[in-house]
Amino acid sequence: MLAFGEALSGKIEPGEVVYLIGELGAGKTTLARGILSGLGYQENVVSPTYTLIEPYAASDHDIYHLDLYRLNSEDEIENLGLRDLLDGNAVCLIEWPDKFTTSLPSPSLTIHIEVFSQGRSISLDPDLISDR
């Protein structure tokens, strides 16, 4: 997941919103670590499960990693100040966006991770590999 995230980061531009969808333990945060690494952030990356938002400064833009798993209402999304983070320069990686799609900005990219006994399946919407 780390290597995939690093490779994928070359297709993610400042101002984009990336949805990370998958069950608990699917590898969403590990994928986010890879994306952050590929975008130039080389320090420790922690899960935002309890802090809800973790900010990171890459070489030329900010990255916000959000985890919405513990939230229960649309009002809580509004109280996060997400709109303030979307300044057109930051990349936003959002875990568990499927809980609150009406309160969130439309994604530039949605990554679905499915876990099977033999491994994982990852799908991208849209397929950035062929689009960029």
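Trainee: A strand is a DSSP run of type E with at least two residues, and strands are numbered from the N terminus. In which strand is the place of Asp67?

Mentor: Asp67 has its place in strand β3. Please keep in mind that this is a predicted model.

Trainee: Is Asp67 buried or exposed?

Mentor: Asp67 counts as buried, because its relative accessibility is 3%, and buried means under 20%.

Trainee: And what is Asp67 in contact with, leaving aside neighbours within four places in sequence?

Mentor: With those neighbours left aside, the contacts of Asp67 are Ser47, Pro48, Thr49, Leu52, Glu95 and Trp96. One further pair of positions is Asp67 and Glu54, which are 13 residues apart along the chain and have their C-alpha atoms separated by 8.9 Å.

Trainee: Where does Leu52 lie, then?

Mentor: Leu52 belongs to the loop between α2 and β2. With a relative accessibility of 16%, Leu52 counts as buried. Its phi is positive, about 75°, although Leu52 is not a glycine.

Trainee: Let me step back. How many helices and strands does the protein have?

Mentor: There are five helices and six strands. Read from the N terminus, the order of the elements is α-β-α-β-β-α-α-β-β-β-α.

Trainee: What share of the contacts with a separation of 6 or more comes from residues 24 or more positions apart?

Mentor: Such residues account for 65% of those contacts.

Trainee: On to the inside. Which residues touch the most other members of the largest nonpolar core?

Mentor: Ile35, Ile63, Leu93 and Ile111 do, in a core of 21 residues. Two or more residues each are given to this core by β1 (17-22), α2, β4 and β5. The largest share, four residues, is that of α2.

Trainee: New topic: how many aromatic pairs are found in the whole structure?

Mentor: The search finds two aromatic pairs. In one of them, the rings of Tyr41 and Tyr56 have centres 4.7 Å apart and planes at 65°, so this pair is edge-to-face. The pair links distant parts of the chain, since Tyr41 is in the loop between α2 (28-38) and β2 (53-57), whereas Tyr56, 15 residues apart from it, is in strand β2. Both Tyr41 and Tyr56 are buried.

Trainee: What about Tyr69 and Trp96?

Mentor: Their pair is tilted, with 4.8 Å from centre to centre and 50° between the planes. Tyr69 lies in the loop between β3 (62-67) and α3 (74-80), and Trp96 in the loop between β4 (91-95) and β5 (109-116), so the pair ties together parts that are 27 residues apart in sequence.

Trainee: Are these two residues buried or exposed?

Mentor: Tyr69 is partly exposed, with a relative accessible area of 37%, whereas Trp96 counts as buried at 13% relative accessibility. Trp96 also has a positive phi, near 65°, in a residue other than glycine.

Trainee: What sits over the ring of Tyr69?

Mentor: That is the charged end of Lys99, 5.6 Å from the centre of the ring.

Trainee: Last one: where is the place of His61?

Mentor: His61 is in the loop between β2 and β3. It is buried, with a relative accessible area of 9%. Leaving aside neighbours within four places in sequence, His61 is in contact with Pro14, Leu39, Tyr56, Asn89 and Val91. Tyr56, in that list, is the partner of Tyr41 in the edge-to-face pair.

Methods:
Residues numbered from 1 in each chain as written. Predicted model: local features only at pLDDT ≥ 70, side-chain atom pairs only at ≥ 80, totals over all residues. Heavy atoms only, no water. Phe/Tyr/Trp six-rings, centres within 6.5 Å; stacked < 30°, edge-to-face > 60°. Buried < 20%, exposed > 50% of the residue type's maximum accessible area, 1.4 Å probe, protein only. Lys NZ or Arg CZ within 6 Å of the ring centre and 35° of its normal. Contact = heavy atoms within 4.5 Å. Core = buried A, V, L, I, M, F, W, Y, C linked by side-chain atoms within 4.5 Å.
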